[in-house]
Amino acid sequence: MVQQKEVYNQQHKLVKPAEAVVLKDVPSARAAEYRHGDRKGCLKGTRGAILNEIELWAKDFHKPPVYWLNGLAGTGKSTIAQTIAERIFADGQLGASFFCSRDFQDRRDLKFIFPTVAVQLARNYPEFRSIFVPLVQSDPEIAHESLYSQMDKLIVRPLKESHISTVIVIDALDECKDEEPASAILSVLGRLVSQIPKVKFFVTGRPEPRIREGFRLPLLAEATDVFVLHEVEASQVTSDIRLFFRHNFSELKGRRRGLDDWPSSGQLDLLCERAAGLFVYAVATIKFIDHKNNSPKKQLERILQLPTSSVHEGKVRLGPNTTLDSLYMSILQEAFDGDDSEGDSMVRTVLSAMILTVNPLSPSTIAALLGIDCEDVLLRLSSIHSLLIFQEDT
């Protein structure tokens, strides 16, 4: 990382004071780059196959210019995005990165994505900057125009003129507020990406309705590779999660006394089973166990005392404003916020039936059991596509 920072600083030294003033005046999101915050990449030895596939895609300009890492909530998309950004930067390919977050006003506002990306490109590439700076000077309001105009004028035109080859990373696009039925950003990307053949866009996002509809737009669909993270072989994901647990328990034993021969293989097996392929659950579990004022052994026993209890892990803070419970609650609220009382009752009825059945049932079977229209069931379930492994035709 030290070497990466040195390269980054060398690039920044090329920015002239007058240019720096112009770039600073362009409205952009703070701490949106992969370098900021306390984001962590993948543990060494985990996620090898998917990381290698993405890196091969990034280097091969015969492959589609857009890559969508699609995954359910908690499957580790942002951690992979962080690792990819670090690796691509180390290879000298990273032009810009934007990590969206519903916790910050500027990082959940679509209007900040393209200007922020453009400023980063200008800082990293002198040839881009020589075109971008005069453009902004001639029209200071350009960053406040429509999303289409932003991408066209701030990104596409300077990239076309400078002939730069680069990769742009946009993480957690689903966390931005968007009123369009099909993602507004993806709609614009589909219309303009073909004009910059030497540029690649790596995008992560949950399969929420507007994101799925965005990637289904004809112009973008044919220009996109898709990797569905929750369809990775279960044994491979479980192996990675087991390695994550082993690594963190090893670090914990190095800091705390009396933890030899702990946890048992049976306890580790049960933790991996509970995680069910969700790295976010594994992270919450470790944070709960590693509480400074409690015995790690007793914390682990509290988690495992009930066969299906997740109440303790759910309260653990994953970040300044996020717990495991709040993560899922925010998805449910966004999916169903604004429903009338009748709609709310239908949501609770459908979700309760889905959760309480021992074996997964098809939407048509749930509808038959509840005595309601199958279309109503499909509508409710498709709204929380990012929480369910759900096939619309079954």
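This report looks at the overall build of a predicted protein model and then at a few local backbone features.

Let's start with the whole chain. The protein holds 19 helices and seven strands. Its radius of gyration is 23 Å, close to the 21 Å from the globule rule for 394 residues, so the protein is as compact as a globular protein of that length. Along the principal axes, the C-alpha trace spans about 65 × 60 × 35 Å. Of the 394 residues, 48% are buried. Among contacts between residues at least 6 apart in sequence, 78% join residues at least 24 apart.

Helix H16 is a handy one to click on: residues 324–336 reach 19 Å from the first C-alpha to the last, close to the expected 18 Å. Its buried residues are Leu324, Leu327, Ser330, Ile331 and Phe336.

Now for the backbone. Most residues other than glycine have a negative phi, and most peptide bonds are trans.

| Residue | Phi | Relative accessibility |
|---|---|---|
| Arg47 | near 60 degrees | 6% |
| Ala172 | about 60 degrees | 7% |

Arg47 sits in the loop between helix H2 (17–25) and helix H3 (48–59), and counts as buried. Ala172, also buried, lies in the loop between strand E3 (166–171) and helix H8 (184–192).

Finally, the peptide bond from Trp262 to Pro263 is cis, with omega near -5 degrees. Pro263 belongs to the loop between helix H11 (234–255) and helix H12 (265–275).

Definitions and conventions: Residues numbered from 1 in each chain as written. Predicted model: local features only at pLDDT ≥ 70, side-chain atom pairs only at ≥ 80, totals over all residues. Heavy atoms only, no water. Helix = DSSP H or I, 4+ residues; strand = E, 2+ residues; numbered from the N terminus. Rg over C-alpha atoms; globule rule 2.2 N^0.38 Å. Buried < 20%, exposed > 50% of the residue type's maximum accessible area, 1.4 Å probe, protein only. Contact = heavy atoms within 4.5 Å. Expected span 1.5 Å × (residues − 1).
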